[in-house]
Amino acid sequence: MNWDWDYAWEVLPGIVGEGLLVTLRVTVLASLVAYALGLVLALLRRSPVAVVRWIVWGFIEFIRSTPLIVQVFFAFFVLPNIGIKFDPEPTGVIVIGLHYACYTAEVYRAGIDAVPKGQWEAATALSLPRGRTWFAVILPQAIPRVLPALGNYSISLLKETPILLTIGVLDIVGAAYQEGSAAFRYPEPITIAGVLFLVVSYSASLLVRRLERRVARSN
Amino acid sequence: MFDNLPEFISTILDGLGLTLAATLGGIAISAVLSFVFGLAMLSGSRIVRVVARIYVEIWRGTSEVVQLFWIFFVLPVLVGYQIVPLMAGIVVLGLNFGAYGAEIVRGAIQAVPRAQYEGAIALSLTPAQRMRRVILPQALVEMVPPFNNLFIQLLKGSALLTMITVPEMTNQARNVLMDLYTGQAGLIWTVLLVFYLLLSVLITFGMKFLERRAARIVGRGPSQAARDRGLAIAVEAGAGRGGGFPT
């Protein structure tokens with residue numbers, strides 16, 4: 001069976017116009033959730049209260065040890081039972097964001113650990129309050145260093161967004177699958193979906209590499 | 001509320017065999033590919049390096065879901081031959097995670113200190129002996145922890161096989177249990193999550209065992225972390241006895 005270029009051109013606009021847009025939107029929003037929530041989790045892991053540290057540790061390990069697709073199903077089917085109703089796309093953004101927050105938390109932790117001890121001591125010597133120590137001294141040094149690692153997680157996250165088609169979010173793969181089932185012909189749309197992923201994730205990885213070099217230079 | 005728990009557990013257990021088959025099959029294939037392509041990326045031949053690089057970039061650059069769909073929907077049309085969904089899943093898991101594993105192998109081999117190469121050359125070992133007897137045993141110890149993470153990712157990736165109709169654990173929960181007990185979604189999905197958690201813990205145990213063995217082969221004792229802990233205890237004990245220089 002041969003590749004049909006005419007058909008490929010016919011399905012391309014649908015996959016790029018709708019699917020790619022959804023994929024990028026979910027990726028960006030879920031990344032923002034993961035960056036913000038990851039920082040919160042990383043700070044909670046350094047909480048002075050031991051119980052908080054244990055609970056956060058257990059939560060992170062649990063989320064990281066179980067499949068994202070099962071967590072997506074959990075949120076999609078269980079939350080409505082207790083009266084929380086979201087559309088599929090926001091549900092997906094929140095679950096993916098939460099899942100990746102458990103990875104970015106470790107990234108932030110490594111970044112915070114890499115800040116020299118003298119910085120903490122100086123902050124103490126200046127009797128800065130706890131909040132100021134974190135937000136004016138430690139984090140401004142820790143975060144720039146971990147930006148490339150955060151970027152890499154965004155790329156992984158991008159590649160997991162097609163999971164959401166199981167709850168009805170039509171991303172690149174969802175759109176391709178829909179085009180394919182409309183014409184009973186899958187090779188072109190699914191291959192286009194694969195190529196699109198390659199293009200997006202490869203260009204994103206080039207961006208991250210540039211960021212890496214910039215971070216390395218500024219240190 | 002927990003009346004149906006035994007049924008939930010037994011229905012999910014019906015899928016355990018397939019989850020295990022997919023995970024272990026995927027681990028076997030990806031481990032082999034990791035070493036083949038990890039070593040190929042360090043080859044002296046430019047063509048071999050380029051081929052390995054292309055494999056790694058393509059399988060890491062596309063999504064696992066796309067790869068599953070491609071093998072499941074596209075390949076049969078192109079070659080006129082439908083492979084069993086489970087086999088398609090195992091092949092995709094192996095190829096996908098093999099690409100990540102190849103980078104682990106390459107990194108670990110490159111992390112072996114240069115002096116080890118030089119020593120092996122000075123002893124006039126052949127390149128094959130150098131790799132097999134000197135470099136690889138040391139690199140193996142470094143590889144085990146990242147492979148532990150990778151294999152847990154692979155286990156999680158096996159849940160995606162539900163999208164190509166493999167009746168593994170996630171599929172059992174989604175297509176058997178959810179149709180019958182929609183109101184008890186919370187319990188069903190919690191049971192499934194616990195199953196995956198246990199399997200992850202099992203993988204970690206297995207890899208800790210491998211790590212100890214790999215470390216013993218090169219005479220490094222149990223593990224670096226354990227050694228550091230032991231060292232800290234020894235230092236503390238010494239300090240407690242008033243050892244060291246008199247002050």
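A residue counts as buried here if 20 or more other C-beta atoms lie within 10 Å of its own, as exposed if there are 12 or fewer, and as partly exposed in between, with C-beta atoms placed from the backbone. Ile163(A) is buried because 27 other C-beta atoms sit within 10 Å.

A quick word on ground rules. This is a predicted model, where local features need pLDDT of at least 70, side-chain atom pairs count only at pLDDT 80 or more, and totals for chains, interfaces and linings use all residues. Residues are numbered from 1 along each chain as its sequence is written, while chains are lettered from A and ligands numbered from 1 in the order in which they are written.

Back to Ile163(A): look for it in the loop between helix 6 (130-160) and helix 7 of chain A. Helices (H or I, at least four residues) and strands (E, at least two) are DSSP runs, numbered from the N terminus. Leaving aside residues up to four places away in sequence, Ile163(A) touches Leu68(A), Ile69(A) and Val72(A), plus Val65(B) and Leu160(B) from chain B. Two residues are in contact if their C-beta atoms, placed from the backbone, lie within 7 Å.

Here is chain A at a glance.

| Chain A | Value |
|---|---|
| Helices | 8 helices |
| Strands | 0 strands |
| C-alpha trace along principal axes | about 75 × 50 × 25 Å |
| Buried residues | 39% of the 219 residues |

Among chain A contacts between residues at least 6 apart in sequence, 80% join residues at least 24 apart.

Now for the other partner. The contact draws 29 residues from chain B and 30 residues from chain A. On the chain B side, the elements giving two or more residues are helix 2 (46-61), helix 3 (64-79), helix 6 (127-158), helix 7 (169-180) and helix 8 (185-217).

Helix 3 of chain B is worth a look. Its 16 residues reach 21 Å from first C-alpha to last, close to the 22 Å expected at 1.5 Å a residue; that expected span is 1.5 Å times one less than the number of residues. There is a kink of about 35° centred on Trp70(B), the bend being the angle between axes fitted to the seven residues ending there and the seven starting there. The buried residues of this helix include Val65(B), Trp70(B) and Phe73(B). Its buried residues pack against helix 7 (172-183) and helix 8 (187-218) of chain A, together with helix 4 (85-111) and helix 6 of chain B. After the helix comes Gly80(B), with a positive phi near 70°.
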